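This report looks at aromatic pairs, charges over rings and the packing of nonpolar residues. The structure comes first.

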Amino acid sequence: MRRYPPHLRVLAAALALLAGVAAPARAGTLLDYVGQCVPFARAASGIQIYGDAWTWWDQAEGRYRRGQTPRAGAVVVFRKTARLPLGHVAVISRVVDNRVAMVTHANWSRMNGERGHAEQDVTLTDVSPDNDWSEVRVWYRDAEGLGSTSFPLYGFIYPVATDGGKVKAAPELTGRDPDYVGALIDAYR
């Protein structure tokens, strides 16, 4: 694979997004990605769904299993809201406990003054009244903690198992030493 200078990788990513295809917008790893959440989630999870994030739930019907329980490698689908007019998708990187998980996603927090960057092992907390993962809060870098906004979810799309039952997710989906304690402190603060 040829390595291009960063400005050409960004241009290739932008052109690919305009053309509606996932771009090889990463230099060395998936975590170098800068762009929208949908191509990132597709590359990180292996789930081959296209279109706005909020449409993934219905598109998954009959193609992928769906449910209300977070599992590593699953895509969490946020509903369309006034704050998320296109919805949002993220990939579960770790499950910490029955109300706390970690996601790896793109285009959530601002990093270096701009949106679009990938973030690894970000705290996702179930704040639904019935403990059913229908409403969550997400760690927000600018607030240095869980954001104050709750977001409604459709649920989780589970990738198809391959290679002897193992899900083929990106190796960068989770870090070597995720901060479980920090995730729990964020969630129960």
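## Aromatic pairs and nonpolar cores

Six aromatic pairs are present in the structure, which is a predicted model. Two of the pairs are set out below.

| Pair | Centre distance | Plane angle | Class |
|---|---|---|---|
| Tyr-33 and Phe-40 | 5.6 Å | 50° | tilted |
| Trp-108 and Phe-151 | 5.2 Å | 75° | edge-to-face |

Both Tyr-33 and Phe-40 are buried. Trp-108 sits in the loop between strand S4 (100-106) and strand S5 (118-126) and Phe-151 in strand S8, so their pair ties together parts that are 43 residues apart in sequence. Trp-108 has 8% relative accessibility and therefore counts as buried; Phe-151, at 7%, also counts as buried. Ring pairs join Phe-78, Trp-108 and Phe-151 in a cluster.

Charged side chains also lie over rings. Arg-71 is over the face of Tyr-158, 4.1 Å from the ring centre, and Lys-80 is over the face of Trp-54, 4.0 Å from the ring centre.

The largest nonpolar core has 24 residues, of which Trp-56, Val-75, Val-77, Val-89 and Ile-157 touch the most other members. At least two residues each come from H2, helix H3 (56-60), strand S2 (75-78), strand S3 (88-97) and strand S8 (151-158). H2 gives the largest share, five residues. A separate core of 19 residues includes Val-76, Phe-78, Phe-151 and Phe-156.

Helix H2 spans residues 37-45, and eight of its nine residues are buried. Among the buried ones are Cys-37, Val-38 and Ala-41. Beyond its neighbours within four places in sequence, Val-89 has contacts that include Cys-37, Val-38, Ala-41 and Trp-56. Just after H2, Gly-46 has a positive phi of about 85°.

Note on methods
Residues are numbered from 1 along each chain as its sequence is written. This is a predicted model: local features need pLDDT of at least 70, side-chain atom pairs count only at pLDDT 80 or more; totals for chains, interfaces and linings use all residues. Side-chain values use heavy atoms; hydrogens and water are left out. Buried means under 20% relative accessible area, exposed over 50%, partly exposed in between (1.4 Å probe, protein chains only). Helices (H or I, at least four residues) and strands (E, at least two) are DSSP runs, numbered from the N terminus. A nonpolar core is a set of buried Ala, Val, Leu, Ile, Met, Phe, Trp, Tyr and Cys residues joined through side-chain atoms within 4.5 Å. Contact means heavy atoms within 4.5 Å. Rings of Phe, Tyr and Trp (its six-membered ring) pair if their centres lie within 6.5 Å; planes under 30 degrees apart count as stacked, over 60 as edge-to-face and the rest as tilted. A charge sits over a ring if NZ of Lys or CZ of Arg is within 6 Å of the ring centre and within 35 degrees of the ring normal.
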